[in-house]
Each structure stands twice: as C-alpha cells, then as structure tokens.
Amino acid sequence: MSNEAAKAQISQEKIVAQFQQLRNEQRNLANSLNTLEMDLREHKTVIETLNAADPDRKCFRLIGGVLCERTVKDVLPQLMDNKDFIAKTISTVTVDLSKKGVELNKFKEEHNIKIRGEQIGTEANKSADSDNASKSENRNVLVS
C-alpha cells in the first residue's frame, strides 16, 4: 500500500511541476509581449518626432551599446522596418500566449487542478463570504 501511495505522490509532484512550468512559460510570454509593446510605442514616438525633422539633420542612434551618428534620412527607414518587425512579432507572441492559455486550461481540467483564491462557480461564492481574510493570504496556492 505504501508503495502505491509513494508512486501517487511522485505522480502528483510531476503534475504540479509540469503545471508550474506551463504557468512560467505563460508568464514569460506575457512579459515578452509587454516589452515588445513598450518598444513599439517608443519606435512610434521617435518616428513621429523624426518625420517633423529636417532629413539632413544629424541624429544619433544607439546600436548594440554603441552610439552612432547618422542623418534623419538614414535612420528613419531603419526605424520603420524595426517598427513593422516588432508589430509582426507582437501578433505572433499574442497568438502563442493565447495557445499557451488554452493548453494551461486544458491541463488544469485533465488533472483536476484547482488554485486557491480562484473563483469557481457557486462554491467559491459561498466560501468567499466567510473566508475573505484567509483567501487573500492563500492567493495562487496550487491544490491538486
């Protein structure tokens, strides 16, 4: 009997570890998406500023930690290309993030994983009234 219980415990630990890995992958994708969106906003701001500037005006661009002197007419097309590439990458990462979310939800359902602090139907509503203080302390605790 104890041998079966040990195997079940190891299996549970593997399931929890795989679930945590999926959650970490989803967080990494979300962080990447956030970074890319900030880069896109910065590129748009710089492009708007440079469009109003004289094409022969001197400007500086940081490339790989090296500050390079160029002209606006040289830098602007490169920035436009980078902005387009970032926009395409954002759409790809968004699709990947939604796929990872579906995969994560499917994994939760297959292995009957519940997370404390997560609202699930009426059970959570009943316990929410009585456990508001303890619920905030147990947020994102994995229960299998």
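The protein chain holds four helices and four strands. These are DSSP runs, numbered from the N terminus: helices are H or I with at least four residues, and strands are E with at least two. Along the sequence the pattern reads α-β-β-α-β-α-α-β. The model is predicted, so local features need pLDDT of at least 70, side-chain atom pairs count only at pLDDT 80 or more, and totals for chains, interfaces and linings use all residues. Residues are numbered from 1 along each chain as its sequence is written, and side-chain values use heavy atoms, without hydrogens and water.

**Whole chain**

The chain has 144 residues, and 22% of them are buried. Buried means under 20% relative accessible area, exposed means over 50%, and partly exposed lies in between (1.4 Å probe, protein chains only). The chain exposes about 10,600 Å², with 51% supplied by carbon and sulfur atoms. Areas come from the Shrake-Rupley method with a 1.4 Å probe; for residues, only the protein chains shown count as cover.

**Helix α1**

Helix α1 spans residues 2-51 and includes Arg-23. Is Arg-23 buried or exposed? Arg-23 is buried, because its relative accessible area is 11%. Lys-100 is 77 residues away from Arg-23 along the chain, yet their C-alpha atoms are separated by 8.6 Å.

**The hairpin**

Strands β1 (residues 58-63) and β2 pair in the antiparallel sense over six bridges. Pairing requires at least two DSSP bridges between two strands. Lys-58 stands opposite Thr-71 in β2. Two residues lie between the strands of this hairpin, where Gly-64 takes a positive phi. Asn-112 also has a positive phi, although it is not a glycine. Asn-112 sits in the loop between α2 (72-110) and β3 (114-116).

| Residue | Phi |
|---|---|
| Gly-64 | near 60° |
| Asn-112 | about 50° |

**A surface patch**

Which residues form a nonpolar patch on the surface? They are Phe-60, Leu-62 and Leu-67, with about 360 Å² of accessible area together. Patch residues have over 30% relative accessible area and no salt bridge; like charges are joined within 9 Å, and nonpolar side chains (Val, Leu, Ile, Met, Phe, Trp, Tyr) within 5 Å. A salt bridge is a side-chain nitrogen of Lys or Arg within 4 Å of a carboxyl oxygen of Asp or Glu. Leu-67 is found in strand β2, residues 66-71. Leu-67 counts as exposed because its relative accessibility is 57%.
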